[in-house]
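Student: I am new to this structure and would be grateful for a close look at a single part of it.

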Amino acid sequence: MKREMFYRYLSVLCGILLFFCEPTFSQHRGGRDYPCMISGKVLSVEDGALDFATVYLKGTAFGSTTNGEGIYHIKAPAGTYTLVVSAVGYKTVEKSVVLKDGDRLKLNIKIDASVEQLGEVVVYSSGVTRVNKSAFNAVAIDAKSLHNSTQALSDALVKVPGMKLRETGGVGSDLNLSIDGFTGNHVKLFIDGVPQEGVGSSFSLNNIPVNFAERIEVYRGVVPVGFGTDALGGVINIVTNKTRRRWFADASYSYGSFNTHKSYVNFGQTFKNGLMYEINAFQNYSDNDYHVDTYVEHFNADGTSSTNTELTEHVKRFNDTYHNEAIIGKVGLVDKKFADRLVLGFTYSHMYKEIQTGVIQSVVFGQKHRKGYSLMPSLEYRKRDLFVKRLNVTLTANYNHNITQNVDTSSYRYNWLGESKYNNGTLGEQSYQNSEFKNTNWNATFTATYQLGEQHSFVLNHVLNAMKRQSKSNVLSSISDYTEPKITRKNITGLSYRFTPSEKWNLSAFGKMYNQYNAGSVSTNSTGIGDYEQSESRLTSFGYGAAGTYFVLKGLQAKLSYERAYRLPTTDELFGDDDLEMGAIDLDPEKSDNLNLNLSYSKRLGKHEFYVEGSLIYRYTQDYIRRTTSKYTGNTYYASYQNHGKVETKGFNVSLRYSYGGWVSLGGTYNNINMRNREQYVTEGSSLVSLYYNVRIPNQPYTYANADISFYWRNCLGKGNLLTLTYDNSYVHSFPLYWENIGSSSTKKRVPEQFAQNLELTYSLKKGRYNFSFECKNLADAKLYDNFSLQKAGRAFYGKVRVYFGQ
């Protein structure tokens with residue numbers, strides 16, 4: 001049944017591609033034979049003849065596409081024209097040509113690979129680069145170089161300094177992402193500058209294929225006003241390809257261990273009149289039935305059970321199937337007088353997830369699962385030079401309708417052998433529920449930038465986020481009566497000024513105003529349970545900051561940035577999750593003083609390229625929103641939230657990279673993050689000193705590193721072909737699950753030291769038109785744990801086929 005579901009989704013995606021994406025191109029209009037001809041070759045500086053380049057006479061219908069040898073032919077009437085040559089991944093070239101009656105003009109054209117200058121972002125094909133000129137501590141990842149791999153977007157982030165990803169299992173598992181020690185709600189996700197709050201788990205970073213992005217920007221600690229967000233830790237911005245393309249089609253399929261299938265389709269077209277459309281569709285499916293080593297509870301024939309805690313057994317996961325599907329459609333107009341880009345979009349996503357374990361591996365479930373879907377219409381408007389020169393405006397809006405259902409109704413309990421045992425009438429393997437949550441989210445962003453002369457620029461940004469959550473249950477619950485909707489509305493306004501007196505240095509200053517309105521049912525009972533009444537709260541805060549950069553020498557850049565940042569409470573923290581988490585509507589925002597110092601140096605010596613970077617970070621966070629656990633009744637626990645805590649973070653990152661002549665590239669990153677509890681007393685107003693004062697924050701990796709090396713064989717077995725071999729690894733030092741100063745070192749629970757290795761071989765033909773990849777993940781079959789006792793997959797193999805056509 002599971003495989004049938006997957007193949008049904010795959011056939012739909014392939015059918016869409018075959019129906020819409022068969023390309024056609026005509027060199028002649030109305031069958032007329034024109035008296036003049038221009039022909040020649042299009043050559044790339046690096047690789048010679050370039051096929052599938054677009055060559056046309058600007059402002060006319062006369063054009064051609066180069067063949068496999070890079071040759072083009074255009075017939076046209078006599079006249080003066082501008083010849084335009086364009087190709088994906090290359091700079092567009094324009095040349096003036098004059099055709100007289102009977103002319104047979106031959107013109108060969110060389111074009112360079114593009115180095116994209118996008119505002120303050122410079123992206124090279126070599127992978128991770130700095131966000132140049134900007135004073136903010138940020139990097140950009142070239143996702144295009146990873147499009148032939150089976151990676152998700154989350155995998156592409158591991159090379160970023162200070163970045164750490166923790167997953168609870170295989171495909172579709174819960175993802176916890178941290179930047180310099182800040183995790184979860186402290187890190188915000190954007191797609192093309194649009195906040196992705198409440199979009200559903202199908203759009204989690206570990207579920208989106210890397211092909212979806214052109215590049216990924218990561219801002220650490222201090223966040224530019226243009227994002228308009230309440231992020232303490234940083235921002236991840238996924239940037240998609242908005243380049244005007246006549247038509248394109250990109251399709252891939254991968255299969256691998258644990259019956260894992262992934263497919264991706266992206267196609268679109270832009271007509272001469274500016275009308276455009278684009279379709280993105282992807283799916284992930286996996287049984288996630290890898291083996292783990294764990295204690296096993298055995299069910300005996302007499303109805304009893306027994307567990308030997310001194311014996312670990314090698315067992316297979318059996319209730320961990322995951323699949324998600326998403327389709328994104330866009331239609332609109334580009335390059336018009338009233339809009340550079342006016343696009344309407346619609347997104348549908350669906351997911352199904354079986355839940356194998358609790359927060360520790362010894363707790364095993366056999367029927368518990370979660371499912372849901374999301375519907376999201378959207379609007380995007382962009383215009384340069386609106387009303388006056390150098391005034392650029394961007395407006396986006398989306399509405400998200402999200403349904404999630406949690407099901408835990410079984411009257412049986414399971415062991416790791418997949419055996420079941422009647423649970424004496426007790427319903428629910430963890431907590432009896434069949435609950436449905438309906439979230440509706442409104443997001444709107446407005447950004448205006450204005451350049452005053454050559455030295456002064458301003459950015460004004462406003463973000464509105466409104467969320468309403470309603471829930472219902474088919475079973476009784478003692479935590480919430482589900483009668484009233486929970487409402488959260490955030491308004492964040494920011495204004496920044498940038499002074500650029502020369503190419504050597506620039507300085508930015510900014511301020512942000514945060515407003516939040518919350519309304520919903522809250523318990524008035526002293527136990528925190530029952531007696532629900534409608535309550536509301538309003539929060540207002542003002543943040544500010546500054547950032548500067550200075551080029552000390554050619555290639556040597558220094559950056560310094562500071563922000564007084566705020567993070568507003570989430571809906572779950574304010575109102576609970578309508579299951580076993582209690583909210584607190586009187587929570588204050590978290591506030592943090594964030595300071596970054598960064599030095600980077602790059603140097604080219606002939607074919608040798610060197611890059612080195614180092615960062616120092618400091619964070620002091622107050623009113624930390626702490627999650628605590630209390631027993632409610634029997635063995636049932638619920639969580640609650642309170643403002644109590646001061647956390648100080650000190651750390652550094654070092655990155656090195658070297659490449660030689662486009663044949664080899666190697667590098668790595670080392671990170672050390674020291675997060676300490678600076679809350680001296682047990683509770684507010686108490687004189688009792690906390691046992692954990694000045695102790696390292698538990699369950700957080702504090703020393704981790706990664707390295708990689710790639711070899712490139714160009715024109716391998718044919719001109720325009722490329723063979724790439726990549727090896728990468730990652731290391732995480734062991735870290736304690738609980739406070740490290742409590743308990744004996746011999747019995748203390750720790751997440752063990754880990755060293756993971758991966759190998760990838762990719763062969764691209766015809767300058768990337770046809771691509772084949774083979775990957776081995778966890779090459780040494782090591783036991784890997786991102787979280788305590790939750791073992792990840794062992795050695796696994798994956799293959800991928802990808803084709804790309806476009807103009």
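In what order do the three strands β14, β15 and β16 stand in their open sheet, and is the pairing parallel or antiparallel?

Tutor: The model is a predicted one. In the open sheet, the strands follow the order β14-β15-β16, and their pairing is antiparallel. Strand β15 spans residues 175–179, and two bridges join β15 to β16 in the antiparallel sense. Within this pairing, Ser178 lies opposite Thr183 of β16. In general, strands of a sheet pair through backbone hydrogen bonds, in either a parallel or an antiparallel manner.

Antiparallel pairing also occurs elsewhere in the chain. Strand β45 (residues 664–677) pairs with strand β46 (residues 703–714) over nine bridges, in the antiparallel sense. One of the facing pairs consists of Tyr670 and its bridge partner in β46, Ala705. On to the next pairing: β46 and strand β47 (residues 722–732) are joined by eleven bridges, again in the antiparallel sense. Here Arg714 stands opposite Leu722 of β47.

Glu380 and Arg341 form a salt bridge, with 3.0 Å between the closest N and O atoms. Because Glu380 belongs to strand β30 (residues 369–383) and Arg341 to strand β29 (residues 341–354), this pair ties together parts 39 residues apart in sequence. Both Glu380 and Arg341 are buried.

Technical notes
Residues numbered from 1 in each chain as written. Predicted model: local features only at pLDDT ≥ 70, side-chain atom pairs only at ≥ 80, totals over all residues. Heavy atoms only, no water. Pairing = 2+ DSSP bridges. Helix = DSSP H or I, 4+ residues; strand = E, 2+ residues; numbered from the N terminus. Salt bridge = Lys/Arg side-chain N within 4 Å of Asp/Glu carboxyl O. Buried < 20%, exposed > 50% of the residue type's maximum accessible area, 1.4 Å probe, protein only.
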